Amino acid sequence: MCSYIEIFGLTVSMYWLSSIVGLIFAILLALLRRRNISFHTSAGDIFFTILCCMIGALIGAKVFQLTGYIIRDGANNSFWTFENWRGMLSGVGVFYGGLVGGIAGALIYIHICKLDIWDVSDILVPSVPLFHAFGRLGCFFAGCCYGREAAWGITFTNSLNAPNGIPLIPVQLFEAGFNLLFLIIILIIRPERKRPKILLPIYLIMYAVGRFIFEFFRGDIGRGVFLLSVSQWISLLIIPVGIILLIWTTSANGHGTVKNAGI
């Protein structure tokens with residue numbers, strides 16, 4: 001796969017390029033939803049909430065990744081070498097850590113500025129799978145988060161992450177497609193029109209279920225704890241949290257009020 005491309009003489013990582021493009025589209029989608037839906041949150045607050053969300057996501061993703069490495073390899077003396085840590089710090093991190101950190105970053109801004117948390121979540125939630133889809137495309141180009149060996153898979157020939165010369169399940173593309181499908185469905189159905197506050201719990205449940213399944217097709221080693229991967233255990237924790245939130249928001253809404261929703 002093409003891990004890097006040349007742009008105006010500069011070598012650019014396809015992972016970071018995909019992520020930046022995804023972030024731009026995620027911001028545009030959020031601003032468009034904020035304009036077309038009867039919310040009270042300003043465009044400036046939406047932008048700065050996303051900015052705090054991204055800062056929190058970067059920190060959370062890296063903290064989760066390094067914590068996993070320490071638990072797995074911390075007993076080895078070679079783990080604490082400068083070269084090893086330089087390599088670990090060069091990566092992006094764990095998505096679930098980014099999700100937790102992103103929510104925390106957004107909540108901090110929402111609390112400081114006294115915004116309506118549910119208005120903000122109904123605006124921003126669709127931007128999350130959109131950004132994540134681009135991120136998984138970046139993973140595919142980089143060869144990270146690769147799938148298990150399969151006769152019908154895609155073969156990497158010059159990857160710094162995935163095994164080269166072996167057909168692998170393109171699980172990154174499956175997850176990108178899953179995120180886009182989820183995005184399309186909620187933009188068509190628009191459940192927040194009748195049930196405000198509902199998008200966040202729906203997203204948590206659907207992504208956790210999808211991620212739990214996709215983990216069975218992952219091929220990168222060293223991610224398991226007691227038969228399941230760390231991400232699968234996290235998924236099993238998030239699913240009941242999402243269900244509890246769904247029940248609570250549905251109960252709080254009653255029959256709800258219909259919003260003048262666009263996108």
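**Close-ups of a predicted model**

The protein chain has nine helices and six strands, where helices (H or I, at least four residues) and strands (E, at least two) are DSSP runs numbered from the N terminus. This is a predicted model, so local features need pLDDT of at least 70 and side-chain atom pairs count only at pLDDT 80 or more, while totals for chains, interfaces and linings use all residues. Residues are numbered from 1 along each chain as its sequence is written, and side-chain values use heavy atoms, with hydrogens and water left out.

**View 1. The whole chain, for orientation.** Of the 263 residues in the protein chain, 42% are buried; buried means under 20% relative accessible area, exposed over 50%, and partly exposed in between, with a 1.4 Å probe and protein chains only. Now take the contacts between residues at least 6 apart in sequence: 69% of them join residues at least 24 apart. Contact here means heavy atoms within 4.5 Å.

View 2. Strand 1 (residues 4-7) and strand 2 (residues 10-13) run antiparallel and are joined by four bridges; two strands pair if DSSP finds at least two bridges between them. If you pick out E6, its bridge partner in strand 2 is T11. Two residues sit between the strands of this hairpin, and F8 in the turn has a positive phi of about 55 degrees.

**View 3. M14 in helix 1.** M14 belongs to helix 1 and is buried, with a relative accessible area of 11%. Not counting residues up to four places away in sequence, M14 touches C2, S3, Y4, I5, G138 and F141. M14 and L137 are 123 residues apart along the chain, yet their C-alpha atoms are separated by 8.8 Å.

**View 4. T41 between helix 1 and helix 2.** Look for T41 in the loop between helix 1 (14-36) and helix 2 (43-73). T41 is buried, at 4% relative accessible area. Leaving aside neighbours within four places in sequence, T41 is in contact with R34, I46, L115, D119, V120 and I123. From T41 to I117 is 76 residues in sequence and 9.7 Å in space, C-alpha to C-alpha.

**View 5. Helix 6 against helix 7.** Two packed helices are described by the angle between their axes and the distance between the axes. The axes of helix 6 (residues 127-142) and helix 7 (residues 171-189) come within 8 Å and cross at roughly 165 degrees. Axes are lines fitted to C-alpha atoms, for helices over the stretch in contact, with angles from 0 to 180 degrees between N-to-C directions. Helix 6 and helix 7 are therefore roughly antiparallel to each other; angles over 145 degrees count as roughly antiparallel, under 35 as roughly parallel, 65 to 115 as roughly perpendicular and the rest as oblique. On the helix 6 side, the contact is made by P129, L130, H132, A133, R136, L137, C139 and F140. Helix 7 brings Q172, L173, E175, A176, N179, L180, F182 and L183 to the contact.

View 6. C145 is in the loop between helix 6 and strand 3 (149-155). Its phi is near 55 degrees, a positive value in a residue other than glycine, and C145 is buried at 19% relative accessible area. R190 is in the loop between helix 7 and helix 8 (199-214). R190 is not a glycine either, but has a positive phi of about 50 degrees. At 21% relative accessibility, R190 counts as partly exposed.
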